[in-house]
Amino acid sequence: MEGTGYKQVGPQRYRELLGFAFEDFTVGDVFEHRPGRTVTEADNVLMNTLSLNPSPLHLDAAYCAHTPWERPLISSLVTFSVVCGMSVRSTSGRALANLGWDRIRLTHPVFAGDTLYAESRILARRLSAKREGEGIVTCETRGLKSTGEVFLTFERSFLVPTRERGVEERAGY
């Protein structure tokens, strides 16, 4: 089952794998992240409550009735978190550290009931100059509605081990 996202750990027993080692990333590779996620009003209220964001643009339907959208927008904290989270399994699942986000763009609104998908394209990779057995991978991730409309883009860099370092083996993965 090599290359399927699983490794055989015994007779008729398989362990799910997350992400890739540094050597497995190739510039230009695109990962389509599934399953998608339909965002709800509850997601929006919960995130706005957790983040102490009182903006009526996300919480007050009467206020929003007088905006160009005529209804509450899903907070970008929700959409960013969902899209970034979708990307982890196949990009930074084995990461040792998340190094940051750049060029975050919110290009279209998202509303309760929209189904979101994501895809990531590997932009660059290089061995770390400071940390032996580790490399830095940079990807661009796009959030897409089920309609195909792109609503969010960002770049992210993360630190991953090389196969030689083998962190997942030592951790029981």
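These notebook entries record what I looked up in a predicted model of the protein.

**Overall layout.** I began with the secondary structure, which comes to five helices and seven strands, and I noted that from the N terminus on the elements run β-β-β-α-α-α-α-β-β-β-β-α. The C-alpha trace spans about 60 × 40 × 30 Å along its principal axes. Of the 173 residues, 38% count as buried, and among contacts with a separation of 6 or more, 69% are between residues 24 or more positions apart.

**Surface and charge.** I found 21 positive and 21 negative side chains, and the centres of the two sets lie 4 Å apart.

**Salt bridges.** The structure holds 10 salt bridges, and I followed several of them. Arg89 and Glu16 meet through their side chains at 2.9 Å, N to O. Because Arg89 lies in the loop between helix H4 (76-88) and strand S4 (97-106) while Glu16 lies in strand S2, this pair ties together parts that are 73 residues apart in sequence. Arg89 is partly exposed at 44% relative accessible area, and Glu16 is partly exposed at 40%.

I next turned to Arg103 and Glu155, whose closest N and O atoms are 3.4 Å apart in a salt bridge. Arg103 is in strand S4 and Glu155 in strand S7, so the pair ties together parts 52 residues apart in sequence. Arg103 is exposed, at 55%.

Last, I checked Glu134, which forms a salt bridge with Arg131 at 2.4 Å between the closest N and O atoms; Glu134 counts as buried at 4% relative accessibility, whereas Arg131 is partly exposed at 43%. I also noted that Asp114, Lys145 and Glu149 are joined into one network by salt bridges that share partners.

Conventions: Residues are numbered from 1 along each chain as its sequence is written. This is a predicted model: local features need pLDDT of at least 70, side-chain atom pairs count only at pLDDT 80 or more; totals for chains, interfaces and linings use all residues. Side-chain values use heavy atoms; hydrogens and water are left out. Helices (H or I, at least four residues) and strands (E, at least two) are DSSP runs, numbered from the N terminus. Buried means under 20% relative accessible area, exposed over 50%, partly exposed in between (1.4 Å probe, protein chains only). Contact means heavy atoms within 4.5 Å. Lys and Arg count as positive and Asp and Glu as negative; His and the chain ends are not counted. The place of a charge is taken as NZ of Lys, CZ of Arg, CG of Asp or CD of Glu. A salt bridge is a side-chain nitrogen of Lys or Arg within 4 Å of a carboxyl oxygen of Asp or Glu.
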